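Please consider the model shown below, together with its sequence.

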Amino acid sequence: MSVKAFELVPAVERDLLMGEKARINIECIECCGKHLYLGTNDCFIHHFLLDEVTTSKGKLRYSAQKLLHKYLGLKKAVAELRAASALERLIVLCDGVLFLVNMVTLETVPSAAGGGAKIRGVTTFCINENPVNGDPFCVEMGVLSSKRRTVQIFMVYEDRVQLIKEVNTPEQPCAVCLDGYFLCLALTTQYMILNYNTGASQDLFPYNSEERRPIVKRIGREEFLLAAPGGLGMFANAEGASQRAPVNWSESVMGAAVCFPYVVALDESFITIHSMLDQQLKQTLSFRDGHILQDFEELSRKLKFKTVFQERFSWLPPSPVYVLVPLPLEKQIQDLLANHRVEEALVLTEGAQRNIPKDKFQILHKRILQQAGFIQFGILQFQEAKEYFRKGQLDVRELISLYPLLLPASSSFTRCHPPLHEFADLNHLAQGDQEKVQRCKQFLIGYLREVRSTEVANGCREDVDTALLKLYAEQDQDCLLDLLSSNNACLLADSVPWLERYHKYFALGLLYRSNGQEAAALQLWIRVVDGDLHDATKSDLYDYIVNFLRSCSCLDLVWKYADWALQKDAARGVSIFTKRTCTKDQSPLNPDDVIKYLGKHSQALLLYLEHLVLEKKAQKEKFHTHLTVLYLEKVLSSLSASPPNEEQLSSAREKLQGMLRESNLYRVQYLSGKMENCEQLLLERAILHGKLEEHDKALHILVHQLRDFPSAEAFCMWAASGRDSSYQERLFHQLLGVYLAGPETAEGDGSGDLKMAAVDLLNRHGEVFDAVRVLQLLPEEWSLQLLRPFLARALRASMHASRVSQIALGLSRSENLQLLHDRLKERKKPVFVSERKGCHLCHNTFSEPDVVCLPGAVPVHIHCVAQRVKDSATKKQLCNSSNHT
């Protein structure tokens, strides 16, 4: 695709060059700074001074001033000119002779030895633009001879030339280019790379020099441009490899030059410009009868890099010399972007990196990437747009500002100038297409979500989070709650009206909470639960408020709003107190204060006391008594109902009985007094009698009043739990005695039931009873068959006890025997006593052999041991002592 990269500008007028002569042909051209040198076919060198002139319309023009012209005194045309600015010399090739000319006076420079600094028999030469010699006041030069198949390397000084190397070639060379130690040669039939320092060579590709003139052009460090067969411009480096794809130019190309990133080629009718980056033809300029195409680095430094060429005068053009002026890189890039040629613009920008200062390139590159992103954004290519924005480090507010009302009113952001895009806002971009608007908003949501926690949002986090909040609220997305529940920088002043507009009251409460306004959040949420405001976002908002109060560090808020929660639902609301965790940020609640606060909420009070007593195992009498009284009141209330709810009554009595059995902290006498006249709570009264060790009263109630024999047995098991076997035996014998005593009155036939209960008791718990005592108590008329299970179990238990005791006795005897054996072994061991050893107790030496041996064969004085026993407070005997000496 085409792009306008260059303009053709006349440089030297025809009359200024020709003067009064009828015809002149320019054969070669050279430029050094603003100084232009032309070599003509009549053996003249013309010296011009070029100045840039900008017209009123901003166009670039050149003003040429002729300074001098000089006849060289030879018969043929000036073939080549090269400037050596450090030496103030022109290297001239004319009529096969190469010599030096003063750049100012155009006078031939004589050599120090006289006769002139000349080299004869030269066909062409080149300057080493990457010299290997470190001397700044000499020039390296490669020369081709017309008589030998060699390349000669010369050093050029102010007044002399010096041959330093001569390299043989396999064929006669016809074109040469020099870079460092590397020679790129066009031979008769092929191109080759030759290292004149090592002699290593690399053939490139064949080429017929008789069909057309070869082109060898240095384009960079150790890289060359060559005219290849088939109309191709080939690139080759010093290793003989091509790191760029070839450009496809005309078969009749007669000259080429490089103005990075472009390759400029001249043929008979056109100037073509190809990109070195993508090898595409970018521009074609009509130019008939072109003759020379040359580029000049020195001119580029002075005149923004120009390419200079010349025409023959077959049709007498108005100017014999033109300058191909490259348009500013930024203008080229902006033209490409204006045509939405994003990839080409980026390739051009990145390709020109080496010609732009690093800081300037980074700024330019970022801006181009940002513009490319907005171009892709405008055509809804969001993935590509996001990638360009990311690489270009776009200030995210540039994107947010496209969306009306998303930026906070307090934001100080102003758009980049010159602007990065052509859109006034999103409505301008979408042109009324609501689907496009929605797609753009969805893209912005995703992009802001990605960048809000990165460096891109540094310095503008408030703008990003506020914009996200507005988009989430408008699009009714659940992500709004995630945003507000996390650490955010949403601006309260901008966000409140927006959330109210879309009835996002729960989210607004979260916003208040994140800004430290917890009371405002609670008030708002309570209005939603009470139905004053409508917001279906949170269906379980009541539970959320309860959880919030449970974790709230401000106790004033807890006391203020817990009453509302308990009135709504006491069972769930009490979790404010029961599930509250104590952390360093939360002050613990005093249970006494909570109980007092819950006084008017009976159900909540009951649940809270259950939490204290049953879950937290609080060991305070008042909590246990209070809970038990509440259980009793609930039972009494159920009993007084008409008709009573049996299921509810059963559950209440079960809780009361469990509390009476398990707790040992409540006030038994107090509760007994409350139940004294209640005949419907006989089982509970029996439990209280058990707590008071009044087992006879408890068993009397269970056996004679309730006739509940299983409960009587269970009572004995419960009352004996945690006690020794004798206590349990006594209780069961007491129950058996109640059974055997018969009914309290002679009336009725309840004695049979009591006898059967006694038999069942013996048969089920026979191992608990003393069998001999039981047999003494039982009536003689009872048959043994009736008591067979009891007797079998009693006999088995007796035999088991006997055998266990025999085993224990045997083990004890064995242990005693082992101890006696160990003692005898210890007695046989000698105890050494000498005058050098000291008593372990008094630390004095032994003067006589009579000692007492402590455990571990430690000898001590007899009187020391006696004194120790006398002084001991407990008068304990020394273990393992003996009089062995």
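Two strands are said to pair if DSSP finds at least two bridges between them. Strands (E, at least two residues) and helices (H or I, at least four residues) are themselves DSSP runs, numbered from the N terminus. The structure is a predicted model, in which local features need pLDDT of at least 70 and side-chain atom pairs count only at pLDDT 80 or more, while totals for chains, interfaces and linings use all residues. Residues are numbered from 1 along each chain as its sequence is written, and side-chain values use heavy atoms, with hydrogens and water left out.

With these terms in place, one may turn to a first example of pairing. Leu194 has Ser201 of strand 17 as its bridge partner. Strand 16 (residues 190-195) and strand 17 are joined by 4 bridges and run antiparallel. Both belong to an open sheet of 4 strands, whose order is 14-15-16-17 and whose pairing is antiparallel. At the edges of this sheet are strand 14 (175-179) and strand 17 (201-206), each of which pairs on one side only. From one strand to the next, the twist averages 15°; such angles run from 0 to 180 degrees between N-to-C directions, and axes are lines fitted to C-alpha atoms, for helices over the stretch in contact.

Another open sheet of 4 strands has the order 6-7-8-9, again with antiparallel pairing. Strand 6 (78-84) and strand 9 (118-120) each have a single partner strand, so one side of each has no neighbour in the sheet. Here the twist from one strand to the next averages 20°. Strand 6 and strand 7 (residues 89-94) are antiparallel and are joined by 6 bridges. Within this pair, Ala84 has Arg89 of strand 7 as its bridge partner.

The last topic is a pair of helices. The axes of helix 22 (residues 646-662) and helix 24 (residues 682-691) come within 10 Å and cross at roughly 5°. The two helices are therefore roughly parallel to each other, a term for angles under 35 degrees, whereas those over 145 count as roughly antiparallel, 65 to 115 as roughly perpendicular and the rest as oblique. Their contact (heavy atoms within 4.5 Å) involves Arg653, Leu656, Gln657, Leu660 and Arg661 of helix 22, and Leu683, Glu684, Ile687, Leu688 and Lys691 of helix 24.
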